[in-house]
Amino acid sequence: MRRCIAILQFSLLLSGIAVAASKPKVITFGKPITVKLFLGPSEDRTMDMRVRGLYVDGNLKEFITGENHDITDRLFVTRKAYRLNDNLPEDTKTPHWKWQRGAWLLVDRTNAHITALKLPEFDPFYSSVSWYRDYAAYCGISDNGETLYAIVAQIGRKKPVLRKELGPASQDDNPDADCDAPQWERSPSKVTFLPKKYPKVSYTVFGHATDIATDNNDDE
């Protein structure tokens with residue numbers, strides 16, 4: 001009898017674990033708040049940035065900024081925001097937090113799994129991303145900060161679908177200083193990059209490849 005009871009209890013325990021494991025995660029967003037993004041080498045200037053919390057089952061997982069983009073009915077991307085401790089080693093006071101813009105995140109609605117996207121030559125301060133389907137178009141910056149690129153990256157691919165040099169980067173102190181957000185068109189898929197100091201340029205996207213559009217630089 002005791003053995004039967006033990007087996008029954010074990011079966012109920014396994015059933016409870018299975019039910020808990022299959023319970024869907026609930027993703028919610030907090031109320032937007034306005035924070036300050038510090039600018040310039042001496043960080044003596046600021047601009048407003050709107051952030052909100054991303055919660056899973058009521059627990060705060062990340063702060064995010066800007067609009068989300070649905071990739072599928074299951075996946076969406078959103079941009080991370082975070083607070084950086086600005087204290088020097090000799091500072092003994094309470095940590096001095098400063099808000100920063102971060103990487104893009106891929107979020108799975110079915111299991112609430114959050115993955116940081118590694119977009120090639122994406123700069124959190126300078127790059128303004130425009131999404132279409134699972135493609136991200138933006139102006140990328142070389143590691144040394146000197147060269148500006150037109151980039152189209154696709155989720156799941158390590159190398160960019162498009163990488164074209166636009167010219168020297170401005171190294172300005174303002175965010176998004178080199179380019180406005182690219183503009184997408186469909187049928188065929190085409191993206192137009194809008195550098196602020198160079199002529200605009202358009203490319204068509206064919207699957208995993210790109211080609212220059214026939215109406216490139218029509219404003220020259």
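Visitor: Is phenylalanine 122 buried or exposed?

Guide: This is a predicted model, and in it Phe122 has a relative accessible area of 16%. Buried means under 20%, so phenylalanine 122 counts as buried.

Visitor: What about tyrosine 138, buried or exposed?

Guide: Tyrosine 138 comes out at 0%, so it is buried as well.

Visitor: How do I read a pair of aromatic rings?

Guide: Two numbers do it: the distance of the centres and the angle of the planes. The structure holds eight aromatic pairs. One of them joins Phe122 and Tyr138, edge-to-face, with 5.8 Å centre to centre and 85 degrees between the planes. The pair links distant parts of the chain, 16 residues apart: Phe122 is in the loop between β7 (114–116) and β8 (130–132), while Tyr138 belongs to strand β9.

Visitor: Which residues form one aromatic cluster?

Guide: Tyr132, Tyr135 and Trp184 do.

Visitor: And the nonpolar core, which residues have the most contacts inside the largest one?

Guide: Leu148, Val152, Trp184, Val191 and Phe193, in a core of 21 residues. β9 has the largest share, with four. Apart from this core lies another of 14 residues, including Trp104, Leu119, Trp131 and Ala153.

Visitor: What does Val152 touch?

Guide: Skipping residues up to four places away in sequence, Val152 touches Tyr135, Ala136, Ala137, Pro160, Val161, Leu162, Trp184, Val191 and Phe193.

Visitor: Where does the charged end of arginine 163 sit?

Guide: Over the ring of Tyr149, 4.0 Å from its centre. Arginine 52 has its charged end over the ring of Phe29, 4.6 Å from the centre.

Conventions. Residues numbered from 1 in each chain as written. Predicted model: local features only at pLDDT ≥ 70, side-chain atom pairs only at ≥ 80, totals over all residues. Heavy atoms only, no water. Core = buried A, V, L, I, M, F, W, Y, C linked by side-chain atoms within 4.5 Å. Buried < 20%, exposed > 50% of the residue type's maximum accessible area, 1.4 Å probe, protein only. Helix = DSSP H or I, 4+ residues; strand = E, 2+ residues; numbered from the N terminus. Contact = heavy atoms within 4.5 Å. Phe/Tyr/Trp six-rings, centres within 6.5 Å; stacked < 30°, edge-to-face > 60°. Lys NZ or Arg CZ within 6 Å of the ring centre and 35° of its normal.
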